[in-house]
Amino acid sequence: LESCQSSLVQLRQENDDIYSSNKKLTAEFETLQSEVEGYRSSISSLETSIKQLTAVNEDYVTEIEVLRDNKEQLKGLLTAIQESESRLKGEVANLTSQLESESGDRETEREAWKENIRIL
């Protein structure tokens with residue numbers, strides 16, 4: 001009987017130790033669960049931030065494409081302006097040449113009139 005009582009006391013002590021150890025492990029497990037939930041929340045926030053940044057990045061890429069298109073259009077307009085300027089310079093040169101020629105003709109005509117008047 002004493003042996004049984006001693007075994008029973010020993011088993012109770014082991015049971016208490018196991019219970020105490022189980023309580024500690026449960027507390028540690030709950031702490032770890034809380035940390036995991038915090039990490040999950042952080043990961044979710046990061047995923048949301050990544051989605052927002054991806055959307056912003058896509059907007060920037062779209063804006064860059066529009067700006068590139070605008071740049072190409074402006075290059076075309078610049079080329080057209082330069083061609084028009086070149087044509088206008090050619091026309092001005094032609095008109096200047098015609099004007100000088102007509103002026104020379106008028107001077108010659110005036111001299112001829114003066115000569116005719118002098119003769120008369």
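Mentor: One definition to start with: helices (H or I, at least four residues) and strands (E, at least two) are DSSP runs, numbered from the N terminus. With that, S103 is found in helix α1.
Trainee: And where does the model come from?
Mentor: It's a predicted model, where local features need pLDDT of at least 70 and side-chain atom pairs count only at pLDDT 80 or more, while totals for chains, interfaces and linings use all residues. Residues are numbered from 1 along each chain as its sequence is written, and side-chain values use heavy atoms, with hydrogens and water left out.
Trainee: What does the C-alpha trace span along its principal axes?
Mentor: About 175 × 15 × 15 Å. As an example, S103 and A27 are 76 residues apart in sequence, and their C-alpha atoms are 111 Å apart in space.
Trainee: OK, new topic. What share of the residues count as buried?
Mentor: 0% of the 120 residues. Buried means under 20% relative accessible area, exposed over 50%, and partly exposed in between (1.4 Å probe, protein chains only). S103, for one, is partly exposed at 45%.
Trainee: And how much accessible surface does the protein have?
Mentor: About 11,300 Å², with 56% of that belonging to carbon and sulfur atoms. The areas come from the Shrake-Rupley method with a 1.4 Å probe, and for residues only the protein chains shown count as cover.
Trainee: Which residues form the nonpolar patch on the surface?
Mentor: L74, L77 and I81, with about 320 Å² of accessible area together. Patches are made of residues with over 30% relative accessible area and no salt bridge, where like charges are joined within 9 Å and nonpolar side chains (Val, Leu, Ile, Met, Phe, Trp, Tyr) within 5 Å. L77 lies in helix α1 and counts as exposed at 51%.
Trainee: Let's do charges. How many positive and negative side chains are there?
Mentor: There are 14 positive and 25 negative ones, and the centres of the two sets lie 6 Å apart. Lys and Arg count as positive and Asp and Glu as negative, while His and the chain ends are not counted. The place of a charge is NZ of Lys, CZ of Arg, CG of Asp or CD of Glu.
Trainee: How many salt bridges do we get?
Mentor: Six. A salt bridge here is a side-chain nitrogen of Lys or Arg within 4 Å of a carboxyl oxygen of Asp or Glu. One of them joins K89 and E85, with the closest N and O atoms 3.9 Å apart.
Trainee: Where do K89 and E85 sit in the helix?
Mentor: They're four residues apart in helix α1 (residues 2-119), so about one helical turn separates them. K89 is exposed at 54%, and E85 is partly exposed at 42%.
Trainee: What about E115 and R118?
Mentor: Their side chains meet in a salt bridge at 2.3 Å, N to O. Both lie in helix α1, three residues apart, about one turn of the helix. E115 is partly exposed at 34%, whereas R118 is exposed at 59%.
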